[in-house]
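Here are a few notes to read alongside the model. Take them in any order you like.

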Amino acid sequence: MKKQNIIIIGGGIVGMAAAWEFAKNSNFSVTLVEKQPTLGGMSTWDAIGQFHWDRYYHVLLSRDSETLQLISELGLDDKLFWTTAKSGFFGNNRLVSLSGALDFITFPFLSLFQKVRLVFGILYISMIKDGSKLEKQYVRTWMTKVFGRRVYERIWDPLLRSKLGKGKEETSAVFIWATIKRLYGARSDSADKQEKMGHVEGGYAQILQIWEEELIKKGVVIVKNEPVLSVDTNKNIVNTVSSKYIFDQILITTPSPIAVDLLGRDLPEGDYKKFLTGQKYLGVICLRLLLKKSLSPYYVINLLDETLPFTGIIESTNVIGCDQVGGNHLVYLPRYSVEEDEFSKFDEKKIEQEFINALQKVFPELKKEDIITSTLSVERFVQPLYTLDYGNRIPSFSLPIEGVYLANTSMIKNATLNNNAALKLAKEAAAKEMVIEGVNSVYS
Ligand SMILES: Cc1cc2nc3c(=O)[nH]c(=O)nc-3n(C[C@H](O)[C@H](O)[C@H](O)COP(=O)(O)OP(=O)(O)OC[C@H]3O[C@@H](n4cnc5c(N)ncnc54)[C@H](O)[C@@H]3O)c2cc1C
């Protein structure tokens, strides 16, 4: 039987995982085409002075079964470490801990009654099994009902802003249900009920490099540093800056706006196109700092102060350990936004300075000389906002064009964006594609 040529566009987690699945089946000849010089997409790494680490902060949670399975398949089990992660809150010029029961009792931003309401609200949400019932309610409306207006405004509204920017007002309640379930799961699984977070020694650089080697061993052709310019679905050709690739089937894993551009006029009008073009994508601007000294013992500091230009302070080395970056300290300052202006009118130097000045307001003892190096990274298409009824609008992986499939994070239903969900999605897409074409599926 002649092998089917499968081209996968986009070497992020979804693209790599799909290639991994296809490569298990000898009926396929697989080519993965990535525009960047390294694989991994948003999970990739880059240099920080003389070290390297994840471009964006990444941790594992105990229920990330797909990611843990991948780590195991790559032979990295003995490089996997778990740490109890502490959280802090910054508001009214105060930084306080919220990492255990005692912290909760003394937590100054809520009254006793509000704390009781918060606990019961979280317990109630964590017990909801099917989030699809929340598709038709805005997160603000639903959370206000569950927690009361005060608790919503004091705690949840700033937290939602930190993840969704102004997009919080258009987001459905499923988003917060999925987030609370994921984080609550991480706590309730551990014996001491503390939040445990995992990482692999060497970070995603280690995972991705070994994964890439394994893909090559399995026969996957990996093309890096080669952006795809267009896909001709009539002639079954993928055009890149320097080559043409012929395909029998193609799987696009880029964010939806890029997929729409690549397909151009070949994408017919209709519900599928409407879904792809109707998504409002959240983007992120993130400053990564390598510091000589630690800012706090917290992995994440949630910000109740809306005047700060970033939406969270993540001190990664409080989970991964300072030894990963030569005894220094790694801090990420993300700002999520849905507004196009933030990304099109972009002044790198100005934003960097604004972020550092604001960080010094939170930590006045931080001096300029403490900053070894800084990197600003921008991702315009992180994930679409989970708007009302979003889950019910997600189409199938097969586009209305023969042999053309799409799998990207806009298709994650009832879950937050994370690599575990991305891996699951890729497996489903690969299985579906194989079954559709009548080839023996590795799942059958
Ligand atoms: C700030 C931040 C923090 C995160 N933290 C965590 C975490 O702690 N835990 C966790 O599990 N997940 C985390 N994630 C999410 C995780 O990074 C994503 O789930 C994952 O990267 C999604 O992978 P993807 O393959 O769907 O998309 P992407 O990573 O976007 O991959 C798409 C790929 O397509 C490529 N591409 C685009 N256009 C073209 C073209 N024209 N030609 C060829 N290639 C193209 C891109 O370069 C990219 O490699 C985080 C994400 C961010 C942004």
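How many helices and strands does the secondary structure of the protein chain come to?

1. The protein chain has 15 helices and 19 strands, where helices (H or I, at least four residues) and strands (E, at least two) are DSSP runs numbered from the N terminus. Please keep in mind that this is a predicted model, in which local features need pLDDT of at least 70, side-chain atom pairs count only at pLDDT 80 or more, and totals for chains, interfaces and linings use all residues. Residue numbers start from 1 along each chain as its sequence is written.

2. On overall dimensions, the radius of gyration is 22 Å, close to the 22 Å that the globule rule gives for 444 residues, so the chain is as compact as a globular protein of that length. That radius is taken over C-alpha atoms, and the rule is 2.2 Å times the number of residues to the power 0.38. Along the principal axes, the C-alpha atoms fill a box of roughly 70 × 50 × 45 Å.

3. Buried residues make up 41% of the 444 residues; a residue is buried if 20 or more other C-beta atoms lie within 10 Å of its own, exposed if 12 or fewer, and partly exposed in between, with C-beta atoms placed from the backbone.

4. The domain assignment, which is automatic or from a database, gives domain 1 (4–37 + 224–279 + 388–436), domain 2 (65–83 + 280–384) and domain 3 (100–194). Between domain 2 and domain 3, the C-alpha centres lie 23 Å apart. Here 12 residues of domain 2 are in contact with 10 residues of domain 3, contact meaning C-beta atoms, placed from the backbone, within 7 Å. On the domain 2 side, strand 15 (300–303) and strand 17 (329–337) each supply at least two residues.

5. Among the buried residues of helix 6 are Val 151, Ile 155, Trp 156 and Leu 160. The buried residues of this helix pack against helix 4 (112–127), helix 5 (139–147), strand 14 (281–291), strand 15 and strand 17. Just after helix 6, Gly 165 takes a positive phi of about 55°.

Note on methods:
Two residues are in contact if their C-beta atoms, placed from the backbone, lie within 7 Å.
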